[in-house]
Amino acid sequence: MAKIDRVTVDKILDATNIVDVVSDFVSLKKRGSSYLGLCPFHNERTPSFSVSPSRGIFKCFSCGKAGTAVSFLMDLESMNYTEALKWLARKYNIEIKERELTSEEKEADAARERMFAVNEFALRYFEETLADTEDGRAIGLSYFRERGISDAMIKRFHLGYAQDRPDDLYKKAIAAGFTERHLVETGLAIKTERGTLYDRFKGRVIYPVHSLSGRVVAFGGRTLRKEKTVAKYVNSPESLIYSKSRELYGMYQARTAIAKKKDCILVEGYMDVISMHQAGVENVVASSGTSLTDGQIRMIKRFADSVTLIYDSDAAGIKASLRGINMLIAAGLSLRVVLLPEGDDPDSFAQNHSSGEVEAYIEEHRQDLIGFKVDVLMKDAGSDPRARTEAINDILQTIAIIPDVVEQSLYLDECARKVGVDVSALSAQLKRFVAKNAETAYNRRQADKARESISDIAGSASSQRSSADGIPPVEPPVDMAGEKELKSPPVQSAQSVHVSRAVYLAEEEVIRYVLRRGLLYMCDVLRHDDDKELVPMSVVDYVEYEFRFDNITFSHEPFAEIWRQTLWLRDNAWPAEWAARERELLERRATALALGQEDIRARGVDMDTIDKLEKALVERLDKEFNAGVDEFASSFVRRHLLRSDNRELTDLVARLTSDSVVLSRMYPKVDPRADACRKLPLAVNTLKSVLLKEELQCITAELGKPHGEDEIMELMIRYRKLKEISMEFDKFTGEIVIMP
């Protein structure tokens with residue numbers, strides 16, 4: 001297996017638009033300069049997931065998840081770094097150039113990739129068996145034809161057939177170079193206790209299960225035999241690439257339609273989904289007969305605001321399904337129910353009606369969930385007081401989950417009217433359920449906070465951590481002129497150093513400005529060997545100057561590694577890339593100036609007007625040029641570090657460069673230079689003050705230990721000096737401003 005070379009990686013990342021990528025999985029709405037949506041990594045009712053196209057990062061302000069387009073794919077689709085890059089390359093039609101992996105890299109990538117590869121091989125085998133073999137056409141294709149499935153749907157859902165032979169797929173896969181382990185890991189083959197192997201899906205029609213990105217993660221197989229001893233359906237077991245709690249059948253094919261309609265129609269089986277799609281109703285997915293999970297609900301909520309449940313008239317099936325709907329309500333989804341006519345299920349109803357008729361029936365027969373649940377449960381309870389009480393409590397527990405209190409009240413009134421119980425009695429019971437839910441939620445939050453505090457930042461127990469906390473070096477950037485990789489900076493091993501929370505937070509604020517403002521011009525300073533010549537100083541230069549003057553470094557190893565990489569980028573990658581960018585900006589300005597002057601003079605106005613218009617044009621172009629310079633310099637370090645193939649580094653950089661609030665058009669745009677000149681000196685001096693106070697605490701602790709008279713005197717002198725410096729810092733902290 002090969003690894004993508006750095007030049008190709010840069011082309012992929014340059015072409016990637018994070019909004020385009022995230023929009024394939026999450027429904028986003030523009031909010032100011034960013035985009036908002038529901039976080040795909042945890043369950044939430046109100047959007048807190050922000051995507052910044054200008055910075056190329058995402059950040060959830062609720063769960064704290066942050067990263068780039070690459071890390072988004074890695075986390076959401078369980079891809080590794082190379083798989084995410086290949087996914088992006090396919091999306092943007094970029095040819096991939098690769099180099100050979102090391103043995104360690106091959107081992108790390110092989111486990112998941114071989115499972116996807118053998119599933120793709122099996123998919124082709126099932127499709128070809130259905131279309132090109134006598135048994136496939138006579139048995140599998142005939143079955144789909146009898147069910148009214150068109151060739152277009154067979155192709156759309158990649159339906160197939162497995163030969164009714166013990167090990168036909170197994171033998172063909174082995175001949176193609178796959179191993180027994182590949183087939184057993186994916187569940188395509190089953191190994192008996194005697195050591196023999198046979199095909200799991202032999203003699204069955206096949207329904208492949210796709211992930212949101214379109215990769216085959218599992219299969220479902222239906223037998224066409226009538227024997228009761230043979231299971232009607234068999235499915236792939238869970239594996240490294242397949243978790244049934246995260247997948248919904250048909251979501252890959254339905255996601256565009258769901259996002260467009262903002263409604264997800266939920267049915268039970270494979271054929272229900274396929275027939276509905278064939279009828280033109282494409283926002284349909286199936287839970288495949290299992291209860292909905294948090295992962296599946298989060299997937300739905302990425303694209304939809306509401307869910308429509310379609311039931312046939314089977315009372316037992318309806319009752320069983322009703323048990324899992326509370327999770328949908330708790331997720332903040334609007335629920336509606338459609339009951340099909342007697343004798344119909346979604347498959348048969350879609351087969352016997354046109355697209356317009358199916359959509360019209362769904363629209364006309366939708367009813368709210370609570371009313372539907374009251375009808376079903378109270379009818380089943382009959383006149384038995386105990387059964388009616390249990391049914392009413394079940395209904396009230398569902399109402400208690402509804403987040404909107406007005407909606408709760410309306411449903412409570414409807415429930416009281418339908419069950420014939422005084423609304424005050426139901427209200428008292430509802431309040432008990434609401435209180436119980438609140439207590440449960442509070443306990444859960446407290447437990448979550450307790451878990452978070454154990455692994456909190458600041459390294460209060462960092463002395464016990466391993467050197468794995470350090471961040472490996474970033475992949476070296478490319479010399480854009482010669483397309484040669486520059487040498488990587490030297491890697492310093494992470495030291496297991498105790499870092500207090502105060503130091504951590506102070507260092508974090510400084511490194512945040514390094515990442516957000518980078519090589520932005522900040523001010524001029526006098527050269528050390530010349531009291532007349534001024535030299536420009538960037539944000540990075542300023543931090544380096546202050547650190548060297550007081551002989552301090554970053555204590556938290558990940559911050560220290562970011563700082564080392566930043567200095568290396570400034571000294572090695574910046575000169576050439578800045579020269580190229582400056583030429584581009586100057587050429588753009590010259591072209592715009594020439595065109596603008598030509599347009600002004602073509603208007604035939606008097607010379608005074610021409611002079612005024614040309615002056616305004618020059619001022620506007622100068623402003624645009626300076627803005628381009630500032631943007632390139634500010635984002636230089638961040639852009640390079642976000643391109644690293646090291647997840648710890650990119651996630652940390654994304655977190656530190658995301659805004660703490662989502663800006664909208666109501667807020668004025670922040671001037672980056674003024675922001676740095678005003679706040680960075682404060683951040684640096686705050687760090688120095690914190691370090692001074694910690695050293696004072698250390699000296700105080702030493703004074704409490706037995707020492708000789710001379711040693712105590714030295715400690716006292718040092719304490720007084722540091723105390724004086726600390727007091728001076730306290731006076732000026734928050735008041736230091738550098739004028740550019």
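Which residue just after α3 takes a positive phi? I looked, and S78 does, at about 55°.

**Ground rules.** This is a predicted model, in which local features need pLDDT of at least 70, side-chain atom pairs count only at pLDDT 80 or more, and totals for chains, interfaces and linings use all residues. Residues are numbered from 1 along each chain as its sequence is written, and side-chain values use heavy atoms, with hydrogens and water left out. My element labels are DSSP runs numbered from the N terminus: helices are H or I of at least four residues, strands are E of at least two.

**Entry 1: α3.** I checked burial along helix α3, residues 69-76. Seven of its eight residues are buried (under 20% relative accessible area; exposed is over 50%, partly exposed in between; 1.4 Å probe, protein chains only). The buried ones are A69, V70, S71, F72, L73, M74 and L76.

Entry 2: Most residues other than glycine have a negative phi. I therefore noted the exceptions. N93 has a positive phi of about 55° and is not a glycine. N93 sits in the loop between α4 (81-91) and β7 (98-100). N93 counts as exposed because its relative accessibility is 72%. H158 also has a positive phi of about 55° without being a glycine. I found H158 in the loop between α7 (151-156) and β8 (160-161). Its relative accessibility is 26%, so H158 counts as partly exposed.

**Entry 3: α17 against α18.** Two packed helices are described by the angle between their axes and the distance between the axes. I read off α17 (residues 369-381) and α18 (residues 385-401): the angle is about 165° and the axes are 9 Å apart. Axes are lines fitted to C-alpha atoms, for helices over the stretch in contact, and angles run from 0 to 180 degrees between N-to-C directions. The angle makes α17 roughly antiparallel to α18 (over 145 degrees; under 35 is roughly parallel, 65 to 115 roughly perpendicular, the rest oblique). Which residues of α17 make the contact? They are L369, I370, K373, V374, L377, M378 and A381. From α18 come A387, R388, A391, I392, D394, I395, T398 and I399. Contact means heavy atoms within 4.5 Å. The contact residues divide into 11 nonpolar, one polar and three charged.

**Entry 4: cores.** I looked for nonpolar cores, sets of buried Ala, Val, Leu, Ile, Met, Phe, Trp, Tyr and Cys residues joined through side-chain atoms within 4.5 Å. The largest has 79 residues. Those with the most contacts inside it are F49, F72, L73, M251, L309 and L335. α17 gives the most to this core, with eight residues. Another core lies apart from it, with 53 residues, among them L520, I562, W568 and A573. I then followed M251: leaving out residues up to four places away in sequence, M251 touches L212, I258, V285, M299, I300 and F303.

**Entry 5: G518.** Is G518 buried or exposed? G518 is buried, at a relative accessible area of 0%. I placed G518 in the loop between α21 (501-517) and β21 (521-526). Beyond its neighbours within four places in sequence, G518 is in contact with Y513, S538, V539, V540, A633, S634 and V637.

**Entry 6: R581.** I located R581 in helix α23 (residues 557-602). R581 is buried, with 17% relative accessible area. Outside four places in sequence, R581 is in contact with R588 and F632.

Key: Nonpolar A, V, L, I, M, F, W, Y, C, P; charged D, E, K, R; others polar.
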